[in-house]
Each structure stands twice: as structure tokens, then as C-alpha cells.
There are 2 protein chains.
Amino acid sequence: MQAVLLSIGDELILGQTVDTNTAWIAERLLEWGVMPLYHLTVADDLPAITAAFKDAAARAPLVIATGGLGPTEDDLTREALAAAVGQPLVTDEKSLAEIRAFFARRSRPMAERNALQAMLPNGARPLPNSSGTAPGMHAQFSGCDILVFPGVPSELKAMFDPHAIPLLQKLTAAAGNASVILTAKVNTYGDGESNIAARLGPALMRRDRHPLIGTTVADGIVSVRVRSQFPTREQARRELDATLAEVRAALGSFVFSLDQQSLAQVVTELCIASKKTLAVAESCTGGLLGSLITEVPGSSAMFRGGWIVYSNDFKNQQLDVPLDVLQQHGAVSEATALALAENALKKADADFALAITGVAGPTGGTPDKPVGTVWIALAERHSPATARLHNFPGDREMIRDRAAKTALNTLRLRLQNLSSSST
Amino acid sequence: MQAVLLSIGDELILGQTVDTNTAWIAERLLEWGVMPLYHLTVADDLPAITAAFKDAAARAPLVIATGGLGPTEDDLTREALAAAVGQPLVTDEKSLAEIRAFFARRSRPMAERNALQAMLPNGARPLPNSSGTAPGMHAQFSGCDILVFPGVPSELKAMFDPHAIPLLQKLTAAAGNASVILTAKVNTYGDGESNIAARLGPALMRRDRHPLIGTTVADGIVSVRVRSQFPTREQARRELDATLAEVRAALGSFVFSLDQQSLAQVVTELCIASKKTLAVAESCTGGLLGSLITEVPGSSAMFRGGWIVYSNDFKNQQLDVPLDVLQQHGAVSEATALALAENALKKADADFALAITGVAGPTGGTPDKPVGTVWIALAERHSPATARLHNFPGDREMIRDRAAKTALNTLRLRLQNLSSSST
């Protein structure tokens, strides 16, 4: 079964607001095996909204729309739905009473325009809204069910389950569509999208495979998406788990997490589980690595702190990088990276220390150390420190992002090695 | 003139990724007086993408699409564009050489599938991509210009200006758009959107004013957008400048920059202009402040470095905050903030030092120091340090963001005071 998702509003069309409702609804629909056919966003424009409703109703048995239910003159979704289904707008007395009660509870006068929010196409059903003044609507038109919710995300989210789920149950049962879709995402770091696809191999990447596998890349992280659609929830879950196991086996240690978990979250959890502490010394990333780690709630259990060693003086005075190392090898060198990591480890009395020093650009590159040259060192209590040279592509922002993530990934691989060798 | 925006990808249709590209493009188009007619999102499905291109080309003179240019089998945008314009896919040798060079620079083998990214419909023009392997495409079809960009936001943003703006200039000129639209943005920090609107007053905020003024808020920064549409470029520029002067006069020192300039860029420029250096000491922000400063190219001229004093040990051992201060007043206190700033100043031998210590949450709040409590201190060579208590709303991410920005704004106001009193 398919559905069309409509978003209505000038603020969306003009790009002033990013539409997060549609992705949220799409994820909910998937749980019922309902696939969005397309998402369409239109302006607060009566003919455009009316046409969008009509086209959608002709193409799918379910349409879910958000937005344009407010009390002001640019809110036209009610009128458009009435025009699309060919019915006049009528006042729903129960909704009007609820809107009046909403204002009374807040001891605020009700503007007369708010009464318009109690109007809906003749024959449509109002969907009560406990957290705002705009009730939603449920209309039926030439075999299509149309649900309309307010565009305010908190109101949509509060209203969706009580009003949409009973309908989804009914429609999916009637469609005999006994299918359920479950999805998952496997996140990898350290290789490009095409190489990850090559590692998965043609059998896993086949377009007619069930469950279906796809790859996406965002900020250096290649994610493998798995979509499992089967007649029963049990089968969808079993097949999803089997495919996830195949994906993990094919990709090995490139895999760092499932779903929304970040590299910094994984490193934080691994450190806490193995009772290890971390310190950082950052030159070209200037605090970004520390910031990624401390974004994670609870990171104070493993993160001791760090040094932003941006200037050479700072590297020498705060982390004792010898001046002759800085002069002979330069700030961007294996020797400097190792000294930063080793001295950060000692001074912070930590179990691990990560150090980053590189050329983030746009200036400062030389023929033998071009922009993108970054040394990353890992020091470890009772072990010799190691450093590796990287060449990151892109602009300053991308080079810094990849440097910080690669540092996290270096520690992640070390911690996973430790825990697998201890078991 | 109107445009259609297409987003392509299963991860968007399934709701696994929120589409931020479309809003970003819509905002850029508006600067050229180009209004999106609709935004459409379709799956990685050849017939759906092909139909989307054809429908869009029939309805608007400009189509901008993102996504589906990756090297894997689920990336079908090239094939769909070829089908829509009725041309075979051919290899562009220059693009292929660029893709090979991309991998060579990174000393990584190129998967054969990446060669597919050098293919484009016969007659289409490749749009070089300096930060990834997928070139974009520019095709023309029955009077419509179609631009296709990668879905990776950083690649899109790097490619848009060089490739889209010359076309927008040509199309809007050819549309005989007798009017010219110039826009500008005045960025403020330190007050809410409704208060900024109140300071501007009803005359400036009138909906029928020319130039038209609107406000938007993003991540704590309230921006006043001015849109100046007049018959000639000279008049549009003159009217824009006059309105900008009125806006600046109404908002005074809340204004920190114009257009895309960040708080960190302003602080960096002010420091460099007055030959001042800066050090930082960060507790709850964990490196975010340093990261914002070092995002700015050239910040090494004024930023000496800093300390991420995440644990109490670190505050005591690295920046000499007395243990009795930490015990008596706590890590989140005026005394700790002042000690951090003063000692960072001295140890770094800097002209200014900013220190941040607070409760970012979600845990760690107490009745007298709830989540969002943040002390920000500014130390200055030859002057007493000052600290101020802030209570930021929102979640961990928002509290950390506001703390770092407020620290930058504190220094910005001090530097602007210095430069105005010296003239």
C-alpha cells in the first residue's frame, strides 16, 4: 500500500523552515508497511493545494497532509480540501466549543478568526487537537482517505497516533496487505561509498533482493540502509536480522554503529565499558574533537579534558613539544603528533590520548605538506604511541571534520581490538 | 520566474534523512526573485524520477534536483535524466579524469563503478565537484534548464554558487524581469525575535513596505532580512542601503554582522584589527568555542589556544583553580569562571581569555544550579576579569551552542567598545 505526503506552507516553499514532519510521518507509515509514493510541498495557494489534493487522491489510497490550518488569511488548507472533495465548508459545533474552551482555559480572548478553524468540508470528520486550536480533518474522496494535521510538529506528533493508527490498521487489513516494513541502518567509517558497495558485493546489492539494501553517505559516514518487507512482523524482523548479520560480516570493522548512534557515542560507550579515560590535544581541529566527545551526555565519565594547541608556543609551553622538533620537523609532523599525544597522556593521567595536527587550509599548504595533510597520533598507557599520516580532501570544514572523526575511529578500532582480545 | 525543486532518494522517502537541501536552495533562489512552484521528493526509482523531471520541465523554466548521483546501483538520477531528455548516457572524459585524480590524490584505488559517475546525457554539461566524486549536470530540455547536484549537503553548497548563479543571472535577465531584487541580512545576537521586531517598530515591519523587512531566527541568531525590489539596480541598491542604515540604527549593538558573517568571524577580524590575541578555557562546551574560532581561516593570527577543562582535576591541575574554590563554590560558579579566565590569560600570555563553565544537562542540574546555568568570564590584560551568569533554555546541544556564542558576543561587545572609544 502506498501513500502521498503533502506539506503546505509558504515558509516551507521559501525555505525559511526545514520540513521535519514529512520524514517523521514517513517513518511511522513504514512501520505499517505503507510506502510513501512521493512527498510534495506546495505554497499557501488555493489552486495549488486543491490540485495537490486531487492529484494525490487519484494516485494513492491514503493522503496525509500537514500545515495551513492556522487562523490567519494565508491558511487555506480547509478551503482547498473542500474544493478538492467538492463540498461546502460547514462549522462543526463541537470543534468550535473546543476552540472556545482552549482560550478560556488560558484566560485569553478568542479572536473571531479562530472560529474559522472549526469549519470543515461537509461530510469530513474533525480530529480533535488537545495541544492547539486547529483540529485536523479526515475526509474520504473517490476511494481515498485524506488525513490533515496541523503543521506545528508537537501538535502533529500528539495527534498522529490516536487518529492515524486506527485508520492505518483498517486500511492495511482491507488491502489484505499483510506486509510489514522494518528498516535499519548500519553505519561505517573509513572507506568510500563505492568501496563499501563493492565489499557488500553484487548479491547483497541486487535491486530485486528482499530485504533491499542501499547505501548513502553523509559527512564521511557511509550508511547501509536495509528495508525488510514481509507478510508478518516476525518474518520482517527475522529477515532484517539475517541481512544485518550478512552486512556486518561483509564489512567487518568498518561498521561502527547501527541507526542513529554517532562515532563519538560509540567511543564514549567503549571507554566507559572498559573503564578507560581519554584526553585530547588538538591543533588544526581547534577543539572540534573535544566538542564531538562532549556532545555525548555522560562523556564526563571517560573524558578528562584536553589542550587546544593552536600556536607553536602553545605546543611547546603547554605540552612540552621540544622547540627543535617543531623547527626540524614542523608542527605538522609525526614527531610533533607523537609528542602531543604522549605528553597529553602523561599530563592528564589518562589511559588514552588522541592528538591531531595538520593543514586545514585554505592557506598554509606546501608542496610536501599540501592542504589536507593531517597527522593523527594515539598514545596509550604502558604502550608506545603510534601516528598515521592522512590526506583529507575538501575544504577547511571537511578536512577538520574528517580529521576529528578519523581520530575517533582510530580509538574506536583500538578499543574494539582490546575488548575482542580480552574475550 | 518560477522553479521546481526535486529531491531524490529512498532515505528521504522513507524518512531516514530529513531533507535540508531543498530549504537551502529555496532561500538562495529567492535572492534572485525566483519562487519555487513546488518541492517534490521521489524514491530511487527510475520511472518515478524520469516522470518527475518531465513534469517539472513542463511546468517551470528551471528545475533544480539533488541526490541520486552516487556510484552505487540505487543511484539512478543520471539514467532518469537521460530518459527524460531522450538522450543516451555518454562518458565525459574530463569528468572521468577528475574522478581518477580524486582517488589518486587520496592514494586510494578507484572502484570501477565510480566511472559511472562520469556519464551524463548526451548534450548535457558536467558541473565539476571539487569535494566529491560525483559531478553535477546541466541539461536543457524543451525550454527548461535542469540543474542536478549531489545530495551531500556540503558538496551541494560548494557547487551551487559557481554553477547555479551564472544561470540564474542569465535566466532572470532573459525573463525581462524589469525589476532587480537585492537582498541583505542583518544579523543580531542577544535578544529574541519578537523583541527585535518590536525594536524595529511597526513602520519598518509593515507588510507593504518597500524594501520589505522580515525576521528569521536560527540557532539563537535573529536575522533581519531586507528584500529590495526596484526597476533598476541603482535604485534597488540605494533603497537597500537606506533601509539597512535604518535597521542598524534601530538595533544598535545587537547587530554583529551582515549576510553570512558569523560571530566567530567578527571576533577574529576585530582581534586582528586591534592586534589582540585570545585564549579559551572551556568546561561544559568542551572545545566548541575553540572549534568555532578555528573554523575561521586566518584565526591563527589571533588565537593562541586553550584548555578543555572538562574534569575538576583538569581545572585544578592545568589551570590552577584552587581545590577549595571548586569545593566551596563548585565547578559552575563565578569564582571558578574567573579563575579559569585569569589563569588561561596568564598561561597563554594572551590579551583576552574567555572561560565557560556550566550545566549542559540532561543530568547534573540542582535546584540552585539547574540545567542551563552557565558562567561566562572574560579576562583582559591589565584589567580585572568579569563574569556573568546566564540561564540558557533548551537541550544539551542548544545550551552548549548558546554558551559558546554568548562568550563570543561578550568579547565582540568589548572589542567594539575598545575600538569606538579609541576613535
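## How the two chains meet

Buried area is the accessible area that two parts lose on being put together, summed over both. In this predicted model, chain B and chain A bury about 5,700 Å² between them, and 57% of that is on carbon and sulfur atoms.

If you count residues instead, 73 from chain B are in contact with 72 from chain A.

To see one of them, look for Arg225(A) and Glu11(B), whose closest N and O atoms are 3.7 Å apart.

On chain B, strand β2 (residues 35-42) gives the most to the side touching chain A, with 8 residues. That side of chain B has 30 nonpolar, 25 polar and 18 charged residues.

## Two helices inside chain A

Next, find helix α9 (residues 263-273) and helix α14 (residues 396-421), both in chain A. They pack at an angle of about 35°, with their axes 9 Å apart, and their crossing is left-handed.

Which residues do the touching? From α9(A) they include Leu263(A), Val267(A) and Leu270(A), and from α14(A) they include Leu408(A), Leu411(A) and Leu415(A). By class, this contact has 9 nonpolar, 2 polar and 2 charged residues. Among the α14(A) residues that take part are also Lys405(A) and Arg412(A).

How values were computed
Residues numbered from 1 in each chain as written. Chains lettered and ligands numbered in written order. Predicted model: local features only at pLDDT ≥ 70, side-chain atom pairs only at ≥ 80, totals over all residues. Heavy atoms only, no water. Axes fitted to C-alpha atoms, helices over the stretch in contact; angles between N-to-C directions. Helix = DSSP H or I, 4+ residues; strand = E, 2+ residues; numbered from the N terminus. Left-handed = near helix turned anticlockwise from the far one by under 90°. Contact = heavy atoms within 4.5 Å. Nonpolar A, V, L, I, M, F, W, Y, C, P; charged D, E, K, R; others polar. Buried area = accessible area lost by both parts, 1.4 Å probe. Salt bridge = Lys/Arg side-chain N within 4 Å of Asp/Glu carboxyl O.
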